[in-house]
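Q: Please take a close look at one part of this model, the place where two chains meet. Walk me through it step by step.

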Amino acid sequence: MPGKGPDSLPVLPAELASSLRTDALRRAERDDSFWMRQRSQIRSRISRRPLPRRQPMRIAVAGALVLFIAVLLTSPAGQHPSPPPRVAADADQQLLVAVEHALAAGTPEALEPLTLLVVSSSNSNDVEPISHKEQHHED
Amino acid sequence: MSLSLPALAAQPDDRSTALSAADFDQLVCRYQRKVYRVLLLMLKNPDDADHLTQECFLRAYATMSTFRGECSVETWLLRIAMNLARDHVRNRRAGFWKRLLRLDAEGTGEPSVDPPSPHASPERALLAREQLDAVWQVVDRLSGRQKEVFVLRFVEEMELKDIAAVLKLSTGTVKAQLFRAVTRVREEVGR
């Protein structure tokens, strides 16, 4: 019977245990050429593999990656400068420039009569309040 | 018997390659039979055992820098071997059972009826052979953990604490697993 107490070891009959071990050793027995071939294949496979990397390097790379991700995740989105409305600003700027150009260029020759009309009209507007005043005095 | 490798594992990068090439070859030479034997008993397939023995040493080489000498090299290698065997069985369970049957039918290239002792009579030798075969068949039907414990205990004759170190179990768990394995073997073989 196998041992059941806390200090006793489960055992097989000595003869059976011995036979088992002997049988197992015999089953796994191979000639020397087998072991030499196995060693040679291990050597060859090791030489084909890249060198084992150092642990500290891996840790450093992993740490840097974690730090990078943490910074990305923890930085609040509100603090990012929002991109200016470039299209609108550009359009306003272009319009302003165009107006300035137009003012600087003066009036085209074909529109000079119209300019005169506008000037005379504005002159008459300047006079009109005086005439109103006169009217009031007359009243 | 066991070799300690903390010095080898602690070598700076530029020297460890040259050192380990020679030392590692010595390590392979020293432990390849044991690793192969355990894997053969676990997997019952010589080709798989050969392949995984190589894999075991390759993995050992690749993780040599992490070996801190907290256990013996033998324990470390057997732990790698057992993990490989477990993964292999898990990944190819269907194929494993096929190979198991094939091995039972063909043996490992040796005669299936092999007298354990040259002095035994043919009848007695035949009976002993049959009994051994019956034991192995029961062992093959044990759970993975019980089988591991049984092989390490009765084939490799390891102490319970060493088995516990290889399998990363408590000594009490190892003892319980061994007790169940032995009980089942004795019940089924009828001794």
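**The side of chain B that touches chain A**

A: The contact takes 36 residues from chain B and 27 residues from chain A; two residues are in contact if their C-beta atoms, placed from the backbone, lie within 7 Å. On chain B, α2 (13–43), α3 (46–62), α6 (122–141) and α9 (171–189) each supply at least two residues of the side that touches chain A. Helices here are DSSP runs (H or I, at least four residues), numbered from the N terminus. α2(B) gives the most to this side, with ten residues. By type, the side of chain B that touches chain A has 20 nonpolar, eight polar and eight charged residues. Ala, Val, Leu, Ile, Met, Phe, Trp, Tyr, Cys and Pro count as nonpolar, Asp, Glu, Lys and Arg as charged, and the others, Gly among them, as polar.

This is a predicted model: local features need pLDDT of at least 70, side-chain atom pairs count only at pLDDT 80 or more, and totals for chains, interfaces and linings use all residues. Residues are numbered from 1 along each chain as its sequence is written, while chains are lettered from A and ligands numbered from 1 in the order in which they are written.

The predictor gives the complex an ipTM of 0.73 and a pTM of 0.60. Chain B has a mean pLDDT of 80, and 74% of its residues reach 70 or more; pLDDT is the predictor's confidence in each residue, from 0 to 100. Over residues 6–19 of chain B the pLDDT is below 50. It also stays under 50 over residues 108–116 of chain B.
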